[in-house]
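Subject: Structure for your review

Dear colleague,

I am handing over the structure below, and my notes on it follow directly after.

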Amino acid sequence: MSGNIKFYWLMGGVLGILILASLIGWILHLRVRTEQRRAIIENLNSRIRAWWVMVAVFAVAFGIGKTATLVLFGLMSFFALREFITLTPTRRGDHVPLFLSFFVLIPVQYLLIGDGWYGLFAVFIPVYAFLILPAVAALSADIDSFLERTTKIQWGVMITVFCVSHAAALLLLDIPGYNGQNALLIFYLVLIVQLSDVLQYVFGRLFGRTKVAPVVSPSKTLEGLVGGGVAATLIGAAMYWITPFSPLQALAMALVIVVMGFLGGLALSAVKRSMGVKDWGTMIEGHGGMLDRIDSLSFASPIFFHLTRYYFS
Amino acid sequence: MNPVSALLFGFTKALVGAHPRWQGAAPSSEQSVYFANHTSHVDTLAIWAALNPASRAKTRPVAAKDYWNKGPLRRYVALRGLNAVLIERHKENRVGDPLEPAIAALQQGDSLILFPEGTRGTERLPAAFRSGLYRLAELFPAVRLMPVYLENLNRAMPKGTHVPIPLICTVRFGAPLARIDAEPKEAFLERARAAVVALA
């Protein structure tokens, strides 16, 4: 099957699922009686509506091509970093480092992908930005909680720019027998991460009893984690035909994505709560902020990227 | 919305979000004077972008002539993009009543965005208010006086910096300020300032 045909099948499948989900949401909306249930159904329906928008944005970006895909991920990094910095106590002395993070680091990181310069892409933020940002901050001569401020900016940039950019960097890989189809691999990664989130939520709502992390993330349950994780992994295996992997390899890759995604959600939830909030923002209706949506992606992307790069290219 | 306004609107939303929170009144396009704390050059844009489209079209920021009239780009943005009312701040350049353009705008039925401190501050909370707001309130007893608190904008573009950084900022609208007959100027200005502080 050529890349285009796979893309159409994939979009057809996703569209089918969305239509089905919207129908179910509509029927539940008609049948709901109690106030408490109504709130849950409304939240579900606004999530489904947001899904339509997200899928449309992705489909259009992939349809247009590489530049649009890079711009899309660049904007995701931009809005995620904006949320992160909003909740981080920064001072006047951080103004220049922050300006550089938003308007130099983000464009350069994605331009390096566009340019295919893997060597610099891999070290640009962990080496160059790591050293330059605190140096620039030191020039402002504001030493009040200097290490804390610098650390928090570093952390935000690593998660929202460096890690997230690894999803788009899948375009860089030269995989034998898979020419021109790398965008499908991004779609695969994003789809498994998001399905895993959704299915964990659904399984948790239906069968959730045992909390796995009551302090950090009260809504995560063992039943949701296992049920949703296994389901997402199996779907990932069944989708092997859009990837360069065999069914068994796809199963292993999907499992890695699911596990890393879960760990990402957990770690960023701890960060969020240490800042005293429940959601990162209000950008996507029903989903909290951009970072609430891509926390799992940020952890899964670099690992998925490097496994694919090491074993398949 | 003309293309310049649309561009400014998109720029403001992408940069600072400018999410409105109507804490004391429902959004309405009733003629109003919005008065707020002032910490950055993005403040005007943030309030303007937070208003609903119907009131935005009729709301004009009151801005300093010495800043916004300098250079063709600033003038173009102020007049064409924001339809600003430019006020002379420096006594030596004044001819007649400096508030004249603002009064004319209110007479036409326009709403205004006003920063009663007169200049940008560095603190989270506003400094003492100048008397312009009091005079406008006296002259136009029927116009709604809306306190507004701008949160986080002092971090987005603090005084002394030349470029803004992206941060999610909220624009909090309070309840309209009640009118008290024969209230002395100082008491009115302090009450107006307290209404902004109460939203912080």
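The secondary structure of chain A comes to 10 helices and 0 strands, where helices (H or I, at least four residues) and strands (E, at least two) are DSSP runs numbered from the N terminus. Chain A has a radius of gyration, taken over C-alpha atoms, of 20 Å, close to the 20 Å that the globule rule (2.2 Å times the number of residues to the power 0.38) gives for 313 residues, so chain A is as compact as a globular protein of that length.

Please note that this is a predicted model, in which local features need pLDDT of at least 70 and side-chain atom pairs count only at pLDDT 80 or more, while totals for chains, interfaces and linings use all residues. Residues are numbered from 1 along each chain as its sequence is written, and chains are lettered from A and ligands numbered from 1 in the order in which they are written.

Along the principal axes, the C-alpha atoms of chain A fill a box of roughly 60 × 50 × 30 Å. Of its 313 residues, 38% count as buried, meaning that 20 or more other C-beta atoms, placed from the backbone, lie within 10 Å of the residue's own.

Turning to chain B, its helix H2 (residues 43–50) is mostly covered, with 8 of its 8 residues buried, among them Asp43(B), Leu45(B) and Trp48(B).

The contact between the chains takes 13 residues from chain A and 10 residues from chain B, two residues being in contact if their C-beta atoms lie within 7 Å.

Best regards

Terms used. Buried ≥ 20, exposed ≤ 12 C-beta atoms within 10 Å, placed from the backbone.
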